[in-house]
Amino acid sequence: MLEKILPPILSILFGWLASFLTIAKSKSKERKDRDRAVEDGLEALLRAEIIRQYEKYSERGFCPIYAKEALKREYGSYHALGGNDVATELYHKILELPTDPPRDHDPTEYKKHHNE
(Lines give C-alpha, C1' and ligand atoms only; values in the text may rest on other atoms or scores of the structure.)
Protein backbone atom coordinates (compact mmCIF):
# COMPACT_ATOMS: atom_id res chain seq x y z
CA MET A 1 0.00 0.00 0.00
CA LEU A 2 2.81 2.44 0.95
CA GLU A 3 4.51 1.64 -2.35
CA LYS A 4 1.51 3.01 -4.25
CA ILE A 5 1.01 6.17 -2.13
CA LEU A 6 4.62 7.22 -1.59
CA PRO A 7 5.66 8.03 -5.22
CA PRO A 8 2.80 10.50 -5.87
CA ILE A 9 3.30 12.15 -2.47
CA LEU A 10 7.06 12.53 -3.06
CA SER A 11 6.37 13.88 -6.53
CA ILE A 12 4.04 16.53 -5.11
CA LEU A 13 6.49 17.43 -2.32
CA PHE A 14 9.41 17.78 -4.74
CA GLY A 15 7.23 19.90 -7.06
CA TRP A 16 6.36 22.23 -4.17
CA LEU A 17 9.98 22.42 -3.11
CA ALA A 18 11.12 23.28 -6.65
CA SER A 19 8.41 25.96 -6.90
CA PHE A 20 9.36 27.40 -3.52
CA LEU A 21 13.06 27.57 -4.44
CA THR A 22 12.27 29.22 -7.78
CA ILE A 23 10.10 31.86 -6.10
CA ALA A 24 12.66 32.45 -3.35
CA LYS A 25 15.44 32.92 -5.91
CA SER A 26 13.29 35.35 -7.91
CA LYS A 27 12.43 37.38 -4.78
CA SER A 28 16.10 37.46 -3.78
CA LYS A 29 17.09 38.89 -7.18
CA GLU A 30 14.30 41.48 -6.99
CA ARG A 31 15.47 42.50 -3.50
CA LYS A 32 19.10 42.76 -4.66
CA ASP A 33 18.07 44.86 -7.67
CA ARG A 34 15.97 47.16 -5.48
CA ASP A 35 18.75 47.50 -2.90
CA ARG A 36 21.24 48.38 -5.65
CA ALA A 37 18.86 51.00 -7.04
CA VAL A 38 18.49 52.55 -3.57
CA GLU A 39 22.28 52.57 -3.11
CA ASP A 40 22.80 54.19 -6.53
CA GLY A 41 20.16 56.82 -5.77
CA LEU A 42 21.65 57.60 -2.37
CA GLU A 43 25.14 57.86 -3.86
CA ALA A 44 23.83 60.32 -6.47
CA LEU A 45 22.12 62.44 -3.81
CA LEU A 46 25.25 62.53 -1.65
CA ARG A 47 27.35 63.47 -4.69
CA ALA A 48 24.95 66.31 -5.52
CA GLU A 49 25.11 67.55 -1.92
CA ILE A 50 28.93 67.53 -1.91
CA ILE A 51 28.93 69.52 -5.15
CA ARG A 52 26.35 71.95 -3.75
CA GLN A 53 28.40 72.48 -0.61
CA TYR A 54 31.53 73.04 -2.67
CA GLU A 55 29.80 75.72 -4.74
CA LYS A 56 28.37 77.38 -1.62
CA TYR A 57 31.50 77.44 0.52
CA SER A 58 34.04 78.09 -2.22
CA GLU A 59 32.01 81.18 -3.17
CA ARG A 60 32.05 82.33 0.45
CA GLY A 61 35.77 81.60 0.77
CA PHE A 62 35.41 79.69 4.04
CA CYS A 63 33.59 76.69 5.46
CA PRO A 64 32.54 76.61 9.13
CA ILE A 65 33.72 73.69 11.23
CA TYR A 66 30.17 72.36 11.72
CA ALA A 67 29.70 72.22 7.94
CA LYS A 68 33.00 70.41 7.51
CA GLU A 69 31.97 67.84 10.13
CA ALA A 70 28.67 67.20 8.33
CA LEU A 71 30.53 66.99 5.03
CA LYS A 72 32.91 64.37 6.45
CA ARG A 73 29.96 62.14 7.39
CA GLU A 74 28.33 62.64 3.99
CA TYR A 75 31.54 61.90 2.14
CA GLY A 76 32.16 58.79 4.26
CA SER A 77 28.79 57.40 3.22
CA TYR A 78 29.31 58.48 -0.38
CA HIS A 79 32.69 56.77 -0.53
CA ALA A 80 31.37 53.60 1.16
CA LEU A 81 28.73 53.38 -1.55
CA GLY A 82 31.45 53.40 -4.20
CA GLY A 83 31.53 57.09 -5.02
CA ASN A 84 35.00 58.29 -5.95
CA ASP A 85 34.99 60.82 -8.75
CA VAL A 86 35.03 64.59 -9.04
CA ALA A 87 33.16 64.84 -5.73
CA THR A 88 36.26 63.46 -3.98
CA GLU A 89 38.35 66.31 -5.35
CA LEU A 90 35.71 68.86 -4.32
CA TYR A 91 35.50 67.31 -0.85
CA HIS A 92 39.23 67.81 -0.32
CA LYS A 93 39.02 71.39 -1.61
CA ILE A 94 36.28 72.19 0.89
CA LEU A 95 38.36 70.78 3.74
CA GLU A 96 41.23 73.06 2.72
CA LEU A 97 39.05 76.18 3.11
CA PRO A 98 39.51 78.21 6.29
CA THR A 99 36.83 77.67 8.94
CA ASP A 100 36.45 81.37 9.74
CA PRO A 101 35.42 84.16 7.38
CA PRO A 102 37.97 86.77 6.40
CA ARG A 103 38.12 89.75 8.76
CA ASP A 104 36.65 92.06 6.12
CA HIS A 105 33.77 89.64 5.39
CA ASP A 106 30.28 91.19 5.23
CA PRO A 107 27.84 88.48 6.42
CA THR A 108 25.00 90.07 4.43
CA GLU A 109 26.97 90.08 1.18
CA TYR A 110 26.05 86.52 0.26
CA LYS A 111 22.36 87.08 1.02
CA LYS A 112 22.22 90.30 -1.01
CA HIS A 113 23.82 88.62 -3.99
CA HIS A 114 21.44 85.64 -3.96
CA ASN A 115 18.21 87.47 -3.19
CA GLU A 116 18.24 89.57 -6.37
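These legends describe close-up views of a predicted model.

**View 1. Tilted aromatic pair of Y75 and Y78 in helix α2.** This is one of two aromatic pairs in the structure. The ring centres of Y75 and Y78 lie 6.0 Å apart, with 45° between the planes. Both residues belong to helix α2 and are three residues apart, about one turn of the helix. Y78 has a relative accessibility of 1% and counts as buried. Y75 is also buried, at 10% relative accessibility.

**View 2. Stacked aromatic pair of Y75 and Y91.** The ring centres of Y75 and Y91 are 4.0 Å apart and the planes meet at 10°, so the pair is stacked. Y75 sits in helix α2 and Y91 in helix α3 (residues 86-96), so this pair ties together parts that are 16 residues apart in sequence. Both Y75 and Y91 are buried. Through ring pairs, Y75, Y78 and Y91 are linked into a cluster.

View 3. G76 is partly exposed, because its relative accessible area of 36% falls between the cut-offs of 20% for buried and 50% for exposed. From G76 to L46 the C-alpha to C-alpha separation is 9.8 Å, while the two are 30 residues apart in sequence.

**View 4. Nonpolar surface patch.** The patch is made of I5, L6, I9, L10, I12, L13, F14, W16, L17, F20 and L21. Together these residues have about 1100 Å² of accessible area. One of them, I12, lies in helix α1 (residues 2-60). I12 is partly exposed, with a relative accessibility of 47%.

Notes. Residues are numbered from 1 along each chain as its sequence is written. This is a predicted model: local features need pLDDT of at least 70, side-chain atom pairs count only at pLDDT 80 or more; totals for chains, interfaces and linings use all residues. Side-chain values use heavy atoms; hydrogens and water are left out. Buried means under 20% relative accessible area, exposed over 50%, partly exposed in between (1.4 Å probe, protein chains only). Patches are made of residues with over 30% relative accessible area and no salt bridge: like charges are joined within 9 Å, nonpolar side chains (Val, Leu, Ile, Met, Phe, Trp, Tyr) within 5 Å. Accessible areas come from the Shrake-Rupley method with a 1.4 Å probe; for residues, only the protein chains shown count as cover. A salt bridge is a side-chain nitrogen of Lys or Arg within 4 Å of a carboxyl oxygen of Asp or Glu. Helices (H or I, at least four residues) and strands (E, at least two) are DSSP runs, numbered from the N terminus. Rings of Phe, Tyr and Trp (its six-membered ring) pair if their centres lie within 6.5 Å; planes under 30 degrees apart count as stacked, over 60 as edge-to-face and the rest as tilted.
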